[in-house]
Amino acid sequence: MKKLSPTDFINISIQDRGIIVGLIVVALAVAVIIYDANIRDNSTRQDAVTADRRQDGATGGNSRYRNADDKGQHYATEAKKVTLVTFDPNTADSTTLLKLGLQPWQVRSIYRYRAAGGAYTCPEDFARLYGLTVKKYRELLPYIRISPEYRAAGDIYGRRRHTDNRQAAEDRRLAALNTDTAQGNSMQDAYPKKLKQGQTMDISLADTITLRRIPGIGPFFARKIVRHREQLGGFASAEQLLEIDGFPESALQYITVGKNSLRQININSATPEKLRAHPYISYTMAKQISDYRRIHGRINDISELRLLKTFPQHVIDKLRPYITY
């Protein structure tokens with residue numbers, strides 16, 4: 001197209017001039033409209049940001065969403081409300097367990113454990129729930145109520161204290177004595193003579209009466225020691241007693257553990273149910289052992305499991321005395 005010079009523009013007819021001027025006016029009008037729309041849009045956004053910030057200030061920052069450094073909006077998440085109520089882990093439903101602050105996957109683990117025939121006989125059993133922290137357990141402990149129907153029968157009905165002929169003969173001898181002597185021996189049995197400083201006791205085979213001779217150990221902890229020993233399959237060290245909730249550490253100086261054989265579990269042939277019956281093996285750990293055997297074959301040493309997140313070194317060290325291959 002040929003460029004028009006000023007002289008050519010003068011020679012254009014009046015009608016052509018009007019068309020050109022009209023096009024220029026329309027172009028200017030469109031530009032003004034676009035500019036005004038942009039100004040209004042920016043003003044609206046700024047007003048919205050200002051209103052949100054005012055709302056955050058009035059409600060302590062809990063508005064529906066916030067503008068973080070004007071780089072984008074982020075929705076605020078509400079904290080999970082925890083309602084602490086008394087509960088029995090053997091019968092509590094999922095709604096109650098979730099209100100207590102447990103995670104859904106922990107609730108599913110409880111249901112699976114109960115469905116497999118497991119029962120929580122004491123609050124300490126509930127502490128073995130996978131993923132349960134010490135802080136959360138201490139928070140829930142005052143609200144745990146175990147029905148007597150689920151407690152260990154031995155804790156309620158006790159055991160026969162005299163089973164061998166020697167003890168039976170001793171009972172007959174005491175019965176033949178006069179009343180005063182019999183009463184004196186009865187009091188001595190109720191309050192056994194405590195060990196002196198420097199004396200020790202092997203707790204590998206000791207019964208509840210003998211264990212009460214340890215300073216700081218009464219009937220309650222004596223039953224706890226025997227029960228924990230049976231669940232473990234024997235003690236590998238005296239420090240394992242500290243796993244009993246509230247156990248007096250000062251009593252350890254009077255305790256030794258003999259070289260008695262421990263009840264071991266064959267890690268290559270034991271079923272997941274038998275594995276998780278051990279206090280040191282959770283449901284998840286038993287499943288991972290089963291999966292590892294299925295994928296990798298025979299386990300020659302428990303250290304092979306150290307790459308699994310549920311088997312850190314301190315857990316492997318605790319389990320090693322109770323594992324056979």
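This is a predicted model: local features need pLDDT of at least 70, side-chain atom pairs count only at pLDDT 80 or more; totals for chains, interfaces and linings use all residues.
Biologist: Is L305 buried or exposed?

Modeller: The relative accessibility of L305 is 0%. Buried means under 20%. At 0%, therefore, L305 counts as buried.

Biologist: How many Å apart in space are L305 and I289, C-alpha to C-alpha?

Modeller: In sequence, L305 and I289 are 16 residues apart. In space, C-alpha to C-alpha, the distance between L305 and I289 is 7.9 Å.

Biologist: How many salt bridges does a search of the whole structure find?

Modeller: One of them is between the side chains of K224 and E124. Another is between those of D125 and R227. For the whole structure the search gives six.

Biologist: Why does the pair K224 and E124 tie together parts that are apart in sequence?

Modeller: The side chains of K224 and E124 meet at 3.6 Å, N to O. K224 belongs to helix α11 and E124 to helix α5, so the pair links parts that are apart in sequence by 100 residues.

Biologist: Which is buried, K224 or E124?

Modeller: The cut-off for buried is under 20% relative accessible area. E124 has 26%, so E124 is partly exposed. K224 has 17%, so the buried one is K224.

Biologist: Which helices hold D125 and R227?

Modeller: The side chains of D125 and R227 form a salt bridge of 3.6 Å, N to O. The pair ties together parts 102 residues apart in sequence, because D125 lies in helix α5 and R227 in helix α11.

Biologist: What is the N to O distance in the salt bridge of R320 and D301?

Modeller: R320 lies in the loop between α14 and β6, and D301 in the loop between α13 and α14, so the pair ties together parts that are 19 residues apart in sequence. R320 is partly exposed, with a relative accessible area of 32%. D301 counts as partly exposed at 27%. The N to O distance between their side chains is 3.4 Å.

Biologist: What is the volume of the largest cavity?

Modeller: A search of the whole structure finds one cavity of 30 Å³ or more. Residues that line the largest cavity include S109, Y113, D125, R128 and Y283. The volume of the largest cavity is about 190 Å³.

Biologist: How many residues of the lining of the largest cavity are nonpolar?

Modeller: The lining includes L129 and I281. By class, two residues are polar and three are charged. The nonpolar ones number six.

Biologist: Which residues are the closest to the centre of the largest pocket?

Modeller: The largest pocket holds about 1,100 Å³ of space. It is lined by 33 residues. The closest to its centre are E124, A127, R128, P279 and K318.

Biologist: Which helices each supply at least two residues of the lining of the largest pocket?

Modeller: The lining has 16 nonpolar, seven polar and ten charged residues. The helices that each supply at least two residues are α5, α6, α11 and α14.

Biologist: Which residues make the nonpolar surface patch of about 270 Å²?

Modeller: One of them is I20, whose place is in helix α2, residues 14–58. I20 counts as partly exposed, at 32% relative accessibility. The patch is made by I20, I24 and L28.

Biologist: How many Å apart in space are A206 and V226, C-alpha to C-alpha?

Modeller: A206 is in the loop between β3 and α10. A206 counts as buried, at 10% relative accessibility. A206 and V226 are 20 residues apart in sequence, and their C-alpha to C-alpha distance is 8.2 Å.

Biologist: Is E149 buried or exposed?

Modeller: E149 lies in the loop between α6 and α7. E149 and T121 are 8.8 Å apart in space, C-alpha to C-alpha, and 28 residues apart in sequence. The relative accessible area of E149 is 70%, so E149 is exposed.

Terms used
Residues are numbered from 1 along each chain as its sequence is written. Side-chain values use heavy atoms; hydrogens and water are left out. Patches are made of residues with over 30% relative accessible area and no salt bridge: like charges are joined within 9 Å, nonpolar side chains (Val, Leu, Ile, Met, Phe, Trp, Tyr) within 5 Å. Accessible areas come from the Shrake-Rupley method with a 1.4 Å probe; for residues, only the protein chains shown count as cover. A salt bridge is a side-chain nitrogen of Lys or Arg within 4 Å of a carboxyl oxygen of Asp or Glu. Helices (H or I, at least four residues) and strands (E, at least two) are DSSP runs, numbered from the N terminus. Buried means under 20% relative accessible area, exposed over 50%, partly exposed in between (1.4 Å probe, protein chains only). On a 1 Å grid over the protein atoms alone, a cavity is a set of points where a 1.4 Å probe fits but cannot get out, and a pocket is an open set with protein on both sides within 12 Å along at least five of seven lines; lining residues have an atom within 4 Å of a point. Grid points are joined across faces, edges and corners, and a volume is the space filled by probe spheres set on the points. Ala, Val, Leu, Ile, Met, Phe, Trp, Tyr, Cys and Pro count as nonpolar, Asp, Glu, Lys and Arg as charged, and the others, Gly among them, as polar.
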